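Here are some friendly notes to read with the structure open beside you. Take the points one at a time, and find each residue in the viewer as you go.

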Amino acid sequence: MTADPPVLDVQSLDTLIHTPGGDPLHVLHDVTLAIAAGECLGVVGESGSGKSVLARTVLGVHGRTSRLTHTGRIRLRGEDLLTASARRRAELLGTEVAMVHQDPMTSLNPVVRVAEQVTEALTNRRRLGRRERLRTAVELLAAVDVPDPERRARAYPHELSGGLRQRVGIAAALAGGPALLLADEPTTALDVTVQRTVLDLLDRHRETRGLATLLITHDIGLLYGRARRIAVMYAGRIVETGPTDEVTERPAHPYTAALLRSVPRVTGALRRPLPTIPGTPPDLSRPVPGCPFAPRCERADAGCVVAVPPTVAVGAGHEVACFHPLAREGNGAAGSRTSLPIPGAATGTAAASTSASGTTTTSASATTRKDTP
Ligand SMILES: Nc1ncnc2c1ncn2[C@@H]1O[C@H](COP(=O)(O)OP(=O)(O)OP(=O)(O)O)[C@@H](O)[C@H]1O
Ligand SMILES: [Mg+2]
């Protein structure tokens, strides 16, 4: 049994976005996940599935014109974030929890030199003289393999390539010595070769610093060999979670299987175009009863559009929210239509049984990084 509590422990989290003049948008539903020290959890899902809102909910920041409300629980090293004061959350930001954004140009301030930006988390805590700040920035940049760090520390973000800017973003995130790193599509803006070196860099720091990492991507292929476990999101719900090998070799949810079919294989000739998932992701402003994937699912029946399937175990640490999961022997394409006998199906979501506290609110937080809606 694990002795240490997880660094991040999210239980039965529901998040609503409130925008001026609009109805609240219920974005996250009953999200439960945990990440241990040194572990990487990969979160995958199509655009709009709620991956970034999940990260922002943990971080406690959001856009300037909207605010989030939540039910459920988020614990960071045992401390309840949703009930923490705004002041305490601001303290934790950059020190205990840090974020690497998709496009560093939106997270870095274009008119502030690199040295000041990478040391911001430190100067929030204590005064640093100009020379000490520069020296620390150079160390931080060297630690993320920025060549000629003395020169780069004095540069402005636009003077650096995309790959170097992302390294600066990572250096800034690591500066405060966080326990949890939220990486939201950290390499999407980079070309493939740079992508790999940046992901390798994140892996290295995760291992050496024992960082718990939430790695968000829409590309499930990026997670092979990096994330020990995967959570697959659809319409704001985690529809499948488990060890990466298990989920990718024996997907239980039809959506996961469809995602995997759309990943290019490196072996064999590409004889036909990669299949896409038919239909479109649901419009969250028009919630439907039942399983949100049912309208696009070839296995759905009448029951699937009536009730949301409970999350049930289908293997060791492998859970799925589906009334008709794919057979374990199958690879997704060949699974039988018959439902598996599912242990605990009658009891519903294991996580949900421990649910729910009161409602708390997170509004836009003071940070020099822009919150991209
Ligand atoms: N500030 C906001 N105001 C209103 N709706 C928002 C806001 N931010 C996110 N949403 C909505 O919340 C839902 C989830 O968005 P989110 O950005 O988390 O998706 P995502 O999975 O990160 O997608 P992508 O892969 O495109 O980054 C979407 O329907 C989106 O339109
Ligand atoms: Mg996103």
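This is a predicted model: local features need pLDDT of at least 70, side-chain atom pairs count only at pLDDT 80 or more; totals for chains, interfaces and linings use all residues.

1. The average pLDDT of the protein chain is 83, and 84% of the residues reach at least 70.

2. Strand E1 (residues 8-18) and strand E2 (residues 25-35) are antiparallel and are paired through seven bridges. Together E1 and E2 make a hairpin, with six residues between them. Look in the turn for Gly21, whose phi is positive, at about 80°.

3. **Another partner for E1.** Strand E1 also pairs with strand E4 (residues 67-76), again in the antiparallel sense. Nine bridges join E1 and E4. To see one of the pairs, find Leu8, whose bridge partner in E4 is Leu76.

4. **The nonpolar core.** The largest nonpolar core has 96 residues, and the members that touch the most others are Val118, Ala171, Leu182 and Val232. Helix H8 (residues 162-175) contributes the most to this core, giving eight residues.

5. **An enclosed helix.** Is helix H11 (residues 254-261) largely enclosed or exposed? Seven of its eight residues are buried, so H11 is largely enclosed by the rest of the structure. Those buried residues are Pro254, Tyr255, Thr256, Ala257, Ala258, Leu259 and Leu260. Among the elements that cover them are strands E3 (40-44), E9 (229-234) and E10 (237-243), along with helix H10 (244-249).

6. **Asp103 in its loop.** Asp103 sits in the loop that lies between strand E6 (97-100) and helix H3 (104-107). Why does Asp103 count as partly exposed? The reason is its 18 C-beta neighbours inside 10 Å, because a residue needs 20 or more to be buried and 12 or fewer to be exposed. Now find Glu185, which is 82 residues away from Asp103 along the chain. The C-alpha atoms of Asp103 and Glu185 are separated by 8.4 Å.

Technical notes
Residues are numbered from 1 along each chain as its sequence is written. Chains are lettered from A and ligands numbered from 1 in the order in which they are written. A nonpolar core is a set of buried Ala, Val, Leu, Ile, Met, Phe, Trp, Tyr and Cys residues joined through C-beta atoms within 7 Å. Helices (H or I, at least four residues) and strands (E, at least two) are DSSP runs, numbered from the N terminus. pLDDT is the predictor's confidence in each residue, from 0 to 100. Two strands pair if DSSP finds at least two bridges between them. Two residues are in contact if their C-beta atoms, placed from the backbone, lie within 7 Å.
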